[in-house]
Amino acid sequence: MTDTIFAPATAAGRAAVAVVRLSGPGTAEAVRALAGRLPAARRASLRPLRDRQGREIDRALVLWMPGPASYTGEDTAEFQVHGGPAVVATLLETLAARGLRLAEPGEFTRRAFEHGKLDLAQAEGVADLIEAETEQQRRQALAQLGGRLSDVQARWREALTEALAYFEAAVDFPDEELPADVAARAGPVLARLAAELEAATLDAERGERVREGFRIALVGAPNAGKSTLLNALVGREAAIVTATPGTTRDVIEVPLVIAGYKVLLADTAGIRDAEEEIEAEGVRRARAWAENADLRLWLVDGSVAELPGLPDEVGADDLCLITKRDLATGPAGIWAAEVARRMDIPSAELTAKGPSDMAWLQQTLGERVVEALAGAEPAAATRLRHRDLLDEAAQRVRQAMGEGSQLELAAEDVRLAARALDRITGRIDPDHVLGRIFATFCIGK
């Protein structure tokens, strides 16, 4: 971190304003070289910026933020210039010519982490906030940036410290006048902690789904109307629709927003016994995607003369849709009742061409998504990394509770649980892990 770094903080392309950020020990010198002198700290100042030959690059707002009271904890500055590509390119070339280095992805936030401005969970909240596409993703990311996970992790670690103190007192001072039940006092502390960790581990899956998207699979036999329904739900021609069975050969994922949550809607290949190699691979992928989906919509063609075969691999939370109601020849509702009886899941008849049918389906999907993902508060843990470490800590705590009279082993399990929790906030994460995490950030952040 001895280098002084720079990067555009706004997206490439033409815009009214572009922001270029600097951070590091040479920031003050660079500002003086380009803007003439340092402006007052944390007050925007309009200055002409000049290149090394003294030619004016642009008139810019210059912000000077000396460390440690800055985002990175170092001396930082921002140049707010007109957003034309030529202006930005000339400014970046001038900074590079003065010996500054273009920042790597996430390097500004990495420096904030290294200087104690953010812990790792909060830094991940920064990345999630930048990537947020929906209101619920924004709320969750903002809570994490505000320290929701960090605060609860600190409370859990305090409980582990208390339990460890009881164990170590019993081990290290057996001849002192300590209460006979000093080691046993750790039991209730660990029991409460284990329950909280296990609950947080389960809730982390909700946090992951808010971040990544609730997965809904459209599944069924060829020509059941999956692609037509996908297009109707997303409001555009995202999938090819033909009368030829097996048109869809691969999984087509389309993101959309339902009830304020990100949803991934997938059209899949028609499920049947396929001999042709490409179609067989499509069926395999369809089954795999459906198996990992949060909600499966089984589509059954309701326009044919006889009720087709129904799938066996149905889950209790699935929903069956009998499609092409506008083309059906039998009485309304007959097939829905029969399918519901045979598959033992809710079913309904609809047509993708009917506004009222689609309004009902969108409302139903919204209710399912909210039921799965909504909570009084955003989930504290939001990533697989968090969930794995919480699960590891919970297992160590349970193991410590089962050690009985072997207090040294119980104490070691408590220490290992604390190490797992410390890795959530990055206290002891190895450098290669940190590098991999910050590499997912955008340049300029």
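Confidence in the protein chain is lowest in helix H10 (residues 334-343), at a mean of 69, and highest in S5, at 97. These values are pLDDT, the predictor's confidence in each residue, from 0 to 100. Where pLDDT is low, the predicted coordinates should not be read in detail. Across the protein chain the mean pLDDT is 86, and 89% of the residues reach 70 or more.

A word on conventions before we set off. This is a predicted model, in which local features need pLDDT of at least 70 and side-chain atom pairs count only at pLDDT 80 or more, while totals for chains, interfaces and linings use all residues. Residues are numbered from 1 along each chain as its sequence is written, and side-chain values use heavy atoms, with hydrogens and water left out. The labels refer to DSSP runs numbered from the N terminus: helices (H or I) have at least four residues and strands (E) at least two.

Let us begin with the sheet that contains S1. Six strands make up this open sheet, in the order S3-S4-S5-S2-S1-S6 and with mixed pairing; two strands pair if DSSP finds at least two bridges between them. Strand S3 (45-50) and strand S6 (101-102) are at the edges with a single partner strand each, so one side of each has no neighbour in the sheet. Within the sheet, strand S1 (residues 5-8) and strand S2 (residues 17-23) run antiparallel and are joined by four bridges. Here Pro8 stands opposite Val20 in S2. Helix H3 (residues 107-114) packs on the sheet and touches S1, S2 and S6, where contact means heavy atoms within 4.5 Å. The direction of H3 makes about 135° with that of S1; angles run from 0 to 180 degrees between N-to-C directions, and axes are lines fitted to C-alpha atoms, for helices over the stretch in contact. Helix H1 (residues 27-35) lies across S2, S3, strand S4 (56-65) and strand S5 (76-82), and runs at about 80° to S3.

Is Arg42 buried, exposed or partly exposed? Its relative accessible area is 42%, so Arg42 is partly exposed; buried means under 20%, exposed over 50% and partly exposed in between, with a 1.4 Å probe and protein chains only. Leaving out residues up to four places away in sequence, Arg42 touches Trp64, Met65, Pro66 and Ala69. Arg42 and Met65 are 23 residues apart in sequence, yet their C-alpha atoms are 5.5 Å apart in space. The loop between S4 and S5 also holds Pro68, and the peptide bond from Gly67 to Pro68 is cis, with omega near 5°.

Ala159 sits in helix H6 (residues 148-172) and is buried, with a relative accessible area of 16%. Apart from neighbours within four places in sequence, Ala159 is in contact with Val189 and Leu193. The C-alpha atoms of Ala159 and Leu193 are separated by 7.1 Å, although the residues are 34 apart along the chain. Helix H7 (residues 186-212) lies across strand S7 (214-220) and S9, at about 75° to S9.

That brings us to another open sheet of six strands, ordered S8-S9-S7-S10-S11-S12, again with mixed pairing. S8 and strand S12 (347-349) are at its edges, each with a single partner strand, so one side of each lacks a neighbour in the sheet. From one strand to the next, the twist averages 25°. Seven bridges hold strand S8 (residues 252-258) and strand S9 (residues 261-267) in an antiparallel pair, with Pro255 opposite Leu264 in S9. Their hairpin has two residues between the strands, and Ala259 takes a positive phi near 55° there. Ala259 is partly exposed, at 45% relative accessible area. Strand S10 (residues 295-301) and strand S11 (residues 319-323) run parallel, joined by five bridges, and Trp298 stands opposite Cys320 in S11.

Finally, look at how helix H8 (residues 226-234) meets helix H11 (residues 355-373): they pack at an angle of about 80°, with their axes 11 Å apart. That makes H8 roughly perpendicular to H11, a term for angles of 65 to 115 degrees (under 35 is roughly parallel, over 145 roughly antiparallel, and the rest oblique). Leu229, Ala232 and Leu233 of H8 make the contact with Met358, Leu361, Gln362 and Leu365 of H11.
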